[in-house]
Amino acid sequence: MSENVKIDLSGEINATTEKKGFQKYVNDAELLLQHVRSGAAPALLMGVLSSRRPWTQFVATDNFKVPVSIPRLSRRFYRNIEYFQANYLIVFLGLFAYCLITSPLLLITMVASFFGYRKLTSGPNTWKIGGWELTKTQQYVIAAAGSMALCWLAGAGAVLFWVLGATVTVVALHASFFDAEALPNLEDPEQFPMIEQV
């Protein structure tokens, strides 16, 4: 009853291992940059914003507790970042809008840079400097340098560091002290186990 059975085992195996922790967020950031380069940024932004959690849950003061240990702090931090990512993005956009409103020169500079970029990409433009016709790449370099100079004069560096610093502070404090056990269970309960191993 024994037969010689030949099975073709040729081929390639692409084993993908799921990344955990910080490496997962690095991979997500790389994927995000690929979407932005492909022109899918508005749809991606709307997709993230559609997962916004209720603000009453986001600011519920009853759920703010000091973590018991460092491992629990780490798990809480990552879970809150994943669960409230749309809320954190809205906090960032709100702080950025506040900076633009309170700094009119920076707002004018951003609008001028945006319309300059739109004009440059709208069609065939020929720039000549001293009889030399500039290529499209050279035009982009000059436009970017001019835009950066205007932003520097308007104080964009200080605003950028203020917005990033304030956002990182607010997000880190909220993600560290918001008790993740008060959140509803995510799809994968094993991803953020709340049982501490000793």
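Student: Which residues are linked in a network of salt bridges?
Tutor: Lys-65, Arg-76 and Asp-179. Bear in mind that this is a predicted model.

Student: How many salt bridges turn up in the whole structure?
Tutor: A search finds 2. One joins the side chains of Asp-179 and Lys-65, at 3.9 Å from N to O. That pair links distant parts of the chain, 114 residues apart. Asp-179 is in the segment after α8 (156-177), and Lys-65 is in the loop between α3 and α4.

Student: And how far apart are the closest N and O atoms of Asp-179 and Arg-76?
Tutor: They are 3.4 Å apart, in a salt bridge. Arg-76 lies in helix α4 and Asp-179 in the segment after α8, so the pair ties together parts 103 residues apart in sequence.

Student: Is Asp-179 buried or exposed?
Tutor: Buried, because its relative accessible area is 9% and the cut-off for buried is under 20%. Arg-76 is also buried, at 4%. Lys-65 counts as partly exposed, at 41%.

Student: Switching to the surface. Which residues form the nonpolar patch with Phe-64?
Tutor: Val-66, Leu-173 and Phe-177. Together the four have about 360 Å² of accessible area.

Student: Where is Val-66?
Tutor: In the loop between α3 (55-58) and α4 (70-83). Val-66 counts as exposed, with 64% relative accessibility.

Student: Aromatics next. How many pairs?
Tutor: The count is 12 aromatic pairs. Take Phe-77 and Tyr-78: the ring centres are 6.0 Å apart and the planes are at 75°, so the pair is edge-to-face. Phe-77 is partly exposed at 26% relative accessibility, and Tyr-78 is partly exposed at 23%.

Student: Which residues form the aromatic cluster?
Tutor: Trp-55, Phe-58, Phe-64, Tyr-83, Phe-84, Tyr-88 and Phe-178. Phe-64 also belongs to the nonpolar surface patch.

Student: What sits over the ring of Tyr-83?
Tutor: The charged end of Arg-53, 4.0 Å from the ring centre.

Student: Now the overall layout. What pattern does the protein follow?
Tutor: Along the sequence it reads α-α-α-α-α-α-β-β-α-α. That is 8 helices and 2 strands. Buried residues make up 24% of the 198 residues.

Student: Where does UniProt place the "transmembrane region" feature?
Tutor: The unreviewed entry gives residues 86-117 and 140-164.

Student: What's the helix content over residues 86-117?
Tutor: 97% helix and 0% strand, with the end C-alpha atoms 28 Å apart. Residues 140-164 are 96% helix and 0% strand, and their end C-alpha atoms are 27 Å apart.

Note on methods
Residues numbered from 1 in each chain as written. Predicted model: local features only at pLDDT ≥ 70, side-chain atom pairs only at ≥ 80, totals over all residues. Heavy atoms only, no water. Patch = residues over 30% accessible without salt bridge, like charges linked within 9 Å, V, L, I, M, F, W, Y side chains within 5 Å. Areas by Shrake-Rupley, 256 points an atom, 1.4 Å probe, with all protein chains shown as cover. Helix = DSSP H or I, 4+ residues; strand = E, 2+ residues; numbered from the N terminus. Buried < 20%, exposed > 50% of the residue type's maximum accessible area, 1.4 Å probe, protein only. Phe/Tyr/Trp six-rings, centres within 6.5 Å; stacked < 30°, edge-to-face > 60°. Lys NZ or Arg CZ within 6 Å of the ring centre and 35° of its normal. UniProt positions renumbered as here; feature names shortened; annotations may be inferred.
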